[in-house]
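Look over the sequence and the model below before reading on. The paragraphs that follow start with a whole chain and then turn to some of its parts.

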Amino acid sequence: MKKYWRFGALIAIILGILGWLAASGINESKTYYKTISELKTLPSSEAGRRVRVTGNVLPGSIQRSGTAVKFVICEKEHNQLLDVIYTGKDPLPDTFRDNAQAMADGKMQPDGTFHANSIAAKCPSKYEAAPGGKAPKPLNSRPSAT
Amino acid sequence: MEVLGALAILFAFCLSIYAFLGSIVGAVRQRPYLQKSAQRAVLGVFVLVTTASAILVYFLLTSDFRLAYVVARSNRAMPPLYKLAAWWGGQEGSLLLWSWLLSCYSAVVVLTNRKKHPGMMPWVVAVLQFTQIFFLILNVFVEPPFHVLAVGKGVQAVQDGQGLNPLLQYWMMAIHPPMLYLGYVGFIVPFAFAMGSLITKQPGDAWIHTTRRWSLITWGFQTTGIILGAGWAYAVLGWGGYWGWDPVENASLLPWITATAFLHSVMMQEKKGMMKVWNMVLISTTFFLCIFGTFLTRSGFVSSVHAFAESSIGTWFLGFLSIGIAATVFVILNRMDYLKSETKLESVLSRESSFLFNNLLLLASAFAVLWGTVFPRISEMVTGEKITVGAPFFNKVNVPIGLCLLLLTGVGPLIAWRRSSWESLKRAFRWPALAMAITIVALLAGGMRHFYALMSLGLCAFVATTIVMEFWKGARAIAVRTGRNLALSAVELTHRNTRRYGGYLVHMGIVLMFVGFTGAAFNQDTTQEVKVGDRITIGHYALQVLEITDGSNDNYAWQRATVAATKDGAPIGELLPERRVYVASQQPTSIVAIRRRMNEDLYLNFAGMSETAAGHAIIQVYVNPLVSCIWFGFWVVFFGTLICLVPSKVKLAYARTEMVGVYEKQATSAK
């Protein structure tokens, strides 16, 4: 039985280390999904969390100043607006533009703006045509096509 | 013709139901003619699905815009390759591709096993056809590809399509989905044989021997598909990397990890009669992860940077997965008695134990990747809050696992079966350990302080030395006896035992890929807004923007920066990063310029014109050391896999207790 103890111990050590790494990895990189209205009423205890927020880019709101980019995203259902300041080093994705659905990762600031360090514009997928209709849809396209 | 296509899938659906039921009834009631007829039906399904696919491809190639599918994925200006690629450019088409590949594989299985495995075959056919029915349901009822647009009564016919997503208009991406699908779909064959052998209570490892080639070929396709995807991301997406732990990527990686574990652990069953239950579990897991991967990418279950097609097919997939998994678990539990291990583990220092830990680590990695991928959904269910984890999580877990696996890659093949002594280990690993130590000391002296990078490169040296030594020892033995030179002897050696030495080559390719991954620890990048004449310096490189030109063709309009580059003052030519706006979709994409060298890539992305400063272009520069090793390593893996497929010249009839790992023994076993 002694050798099985050895195997058991080794396996337990390996899994223990991996579990610990996984737990710390989760804590380091976890990001909460919030809607804009939830962000506005965020309890102060959660203010320091990394948050991912999604909304549509308000047409005409994109302003660039130096490396920072300011824009406003809105939530359709509740008519909520959120000012976002992006200061990440990567240039914005090609799909980021007026009306695009943008996903911002970052933290809420006390002044009510959202500081994002990464932006992903919902790229209409590898496979499907863009939501929001970048291309003029043919007159008779199937309504459920995308 | 579109009616013919739709009818073909419908008939295929009916026929595969017949094949499924026919096989089962034929097997249970012992009716050979019914079994035969079910096998013929499988061929019929293949012909029908091929017809439907051919019709869809014909519509795509001839740009027939009466079809909704063609309008949404193709346009007139696209070159023929991409018109063909539009077949798998959308939901309906790629599901049809799945069905078609499955019907091809089923037909091949039926044709190559006509006279073999009479008891098992009906069940194999039943498993194949059950899956075929599922995909045909999707093709016929859920996502029909032959949807015709209404024309007339004031509605105009469509003149041109919306085109394939520009990001997909790249050769690697055009062949990436079929490769990956060939891999995904292929694992159903070993799975079907495994189930067939369990249901019919076959003694022995017939299913493993029959499907060894299948598993290898399929694994090769999967590897190719994943690397093509990474290569595409690197060359097209313009963020300077090749892997971002996005759910789509993870979906393709998951079955690959378990398949790799399977390829290793079947050796335990073949040589030692151990791990029988485990192999069943592994092959089933691999197959269901393939289905799960398709489900992830096709249903919008987890949100991703690539917004997927969100549709109702998720429910269908979940249904199929639950039925399939429940049935599999039932069969395995029911036949537990036939899966008893013939031998027991003896020592922690043994080949068996190295396989065990190889499997443990691979499975842990697969579990971590799966966990991270579905974490948003799980956390939402458990805590009500949707939480996502990012690349740091995946790296933190998988980097150490990768390094341990790398170590096992070196240790495993040299350590003795049953038990090994510290003495023999010392002898076998003296040189590799020395190589590792020298590498690490040299790198430390060179100023490298990154712990994981040091370990990784050191282990690469370790494993590479073991492999070279294996070849050298075997080849020298042959050279001494036959008087041939070492190179010829190495070829002869490989030919004698293709499985073993092909496997070593695959390991060597993996080592090279690890060297490439390690390079990522030393990436540099900068983003700058520059006007014509400005300079950018990064690392050894100095870049100067010479001019910015533009133009257009039928498919897209382009803007191109001409950038002259020097390395340590010496000119190394011009790079031409480009930016395109496709006419049909009005979507901009970047065509990056990469100067690829074995030691370092210089990677330029033209991210667009600045909106604040007129005439300023935004240029991103990345210096990525060693990336080319990944692609080179892949070719070595590919070549090694091909060698494994070549039949060995000498049939090694070793008993199930082969001793390897001691110098003298090795020389004899190689003879």
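What radius of gyration would a compact globule with 671 residues have, and what does chain B have? The model is predicted, and the values here are computed from it. For 671 residues, a compact globule would have a radius of gyration near 26 Å. Chain B has 27 Å, which agrees. Along its principal axes, the C-alpha trace of chain B spans about 75 × 70 × 60 Å.

The chain is built from 20 helices and eleven strands. Of the 671 residues in chain B, 50% are buried. Contacts can also be sorted by how far apart the partners are in sequence. Among the contacts in chain B with a separation of 6 or more, 72% are between residues 24 or more positions apart.

Helix 19 of chain B takes in residues 627-645, which is 19 residues. At 1.5 Å a residue, helix 19 should span 27 Å, and its end C-alpha atoms are 28 Å apart, which agrees.

Which residues of helix 19 of chain B are buried? They are B:V627, B:C629, B:I630, B:G633, B:F634, B:V637, B:G640, B:T641 and B:C644. These residues cover an arc of only 140 degrees around the axis, which puts them on the same side of helix 19. An α-helix has 3.6 residues a turn, so residues three or four places apart point the same way. The cover over the buried residues of helix 19 includes helix 9 (206-236), helix 18 (498-519), strand 10 (600-609) and strand 11 (617-625) of chain B.

Now take a residue in a loop. B:E143 lies between helix 6 (121-142) and helix 7 (171-186) of chain B. Is B:E143 buried or exposed? A residue is buried if 20 or more other C-beta atoms lie within 10 Å of its own. B:E143 has 23 C-beta neighbours inside 10 Å, so B:E143 counts as buried. Leaving aside neighbours within four places in sequence, B:E143 is in contact with B:Q91, B:E92, B:L95, B:L138 and B:I313.

The last stop is a strand of chain A. Strand 1 of chain A (residues 31-34) is joined by two bridges to strand 1 of chain B (residues 387-388), and these strands run antiparallel. In this pairing, A:Y32 stands opposite B:I387. Strand 1 of chain A also pairs with strand 2 of chain A (residues 51-57), in the parallel sense and over three bridges. Here A:Y33 stands opposite A:R52.

Technical notes
Residues numbered from 1 in each chain as written. Chains lettered and ligands numbered in written order. Predicted model: local features only at pLDDT ≥ 70, side-chain atom pairs only at ≥ 80, totals over all residues. Helix = DSSP H or I, 4+ residues; strand = E, 2+ residues; numbered from the N terminus. Rg over C-alpha atoms; globule rule 2.2 N^0.38 Å. Buried ≥ 20, exposed ≤ 12 C-beta atoms within 10 Å, placed from the backbone. Contact = placed C-beta atoms within 7 Å. Expected span 1.5 Å × (residues − 1). Arc of directions from axis to C-beta. Pairing = 2+ DSSP bridges.
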